[in-house]
Amino acid sequence: MIWGLRKPVEARGNGTKAPAAWAQIIDDYMPTLAAAGQPPTTTELRRIQLVRMARDIGGRPADVAGEKFVEWFGRQTGSTIETRRSYRAGIRGFFRWAYRTKRVPDHLADELPTVPTQRTPTPPAAKVSSGPQ
C-alpha cells in the first residue's frame with residue numbers, strides 16, 4: 001500500500017467500486033494528490049467524486065468526449081454550488097493529470113463551464129459620522 005491508499009478503488013461510505021476500466025487510472029492518480037500535499041480527507045473526497053463520475057459515465061476514460069462530460073456535469077443539479085465547485089475542481093484536476101500523463105487523448109479539463117461562487121448578501125454599510133455638528 002503506497003501513500004496510505006487503498007486498492008481497489010472504493011468509495012468508503014457506500015462500498016461503491018469504480019468500473020474496471022476506471023479503477024487503475026483512479027488508483028494511479030491518488031499518489032499525485034498526496035505528493036501535492038493534499039490531506040487524506042481531500043484525497044478520499046476526490047476518490048469518491050471520481051468513482052461516482054466513472055460509474056455514471058461508464059466506458060473507458062480515454063473514450064470520454066467533452067459533450068458527454070459536460071452533459072454528466074449538467075445533470076448534477078441537486079447539489080449546492082460549493083459541492084458543484086468541489087466536483088468541478090476535482091474532476092478537472094484528474095483530467096488535466098490524465099492528459100499530461102498521456103492516459104487520455106483529449107484535454108477535457110477546460111470543457112466544464114465555470115460554476116459561479118455563491119454570493120452572500122453584503123451587509124449594509126454603517127453610517128459614518130463626520131463628527132459633532
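This is a predicted model: local features need pLDDT of at least 70, side-chain atom pairs count only at pLDDT 80 or more; totals for chains, interfaces and linings use all residues.
Start at helix α1, which covers residues 20-35. Its buried residues are Trp22, Ala23, Ile25, Ile26, Asp27, Tyr29, Met30 and Leu33. An α-helix has 3.6 residues a turn, so residues three or four places apart point the same way. Among the buried residues of α1 are Trp22, Ile26, Tyr29 and Leu33.

What lies over them? The cover of α1's buried residues includes α2 (40-57) and α4 (81-100).

Take α2 next. The axes of α1 and α2 are 10 Å apart, and the two helices pack at an angle of about 155°. Angles over 145 degrees count as roughly antiparallel, so α1 is roughly antiparallel to α2. The crossing of α1 past α2 is right-handed. On the α1 side, the contact is made by Trp22, Ile26, Asp27, Tyr29, Met30, Leu33 and Ala34. On the α2 side, Thr43, Arg46, Arg47, Leu50, Val51, Met53, Ala54 and Ile57 take part. Sorted by class, this contact has eleven nonpolar, one polar and three charged residues.

Finally, turn to the aromatic rings. The model has eight aromatic pairs. One aromatic cluster is formed by Trp22, Tyr29, Phe94, Phe95 and Trp97. Trp22 and Tyr29 of this cluster are also buried residues of α1, and both belong to the contact with α2.

Methods. Residues are numbered from 1 along each chain as its sequence is written. Side-chain values use heavy atoms; hydrogens and water are left out. Rings of Phe, Tyr and Trp (its six-membered ring) pair if their centres lie within 6.5 Å; planes under 30 degrees apart count as stacked, over 60 as edge-to-face and the rest as tilted. Buried means under 20% relative accessible area, exposed over 50%, partly exposed in between (1.4 Å probe, protein chains only). Helices (H or I, at least four residues) and strands (E, at least two) are DSSP runs, numbered from the N terminus. Contact means heavy atoms within 4.5 Å. Axes are lines fitted to C-alpha atoms, for helices over the stretch in contact, and angles run from 0 to 180 degrees between N-to-C directions. Angles under 35 degrees count as roughly parallel, over 145 as roughly antiparallel, 65 to 115 as roughly perpendicular and the rest as oblique. A crossing is left-handed if the near helix is turned anticlockwise from the far one by less than a right angle, and right-handed if clockwise. Ala, Val, Leu, Ile, Met, Phe, Trp, Tyr, Cys and Pro count as nonpolar, Asp, Glu, Lys and Arg as charged, and the others, Gly among them, as polar.
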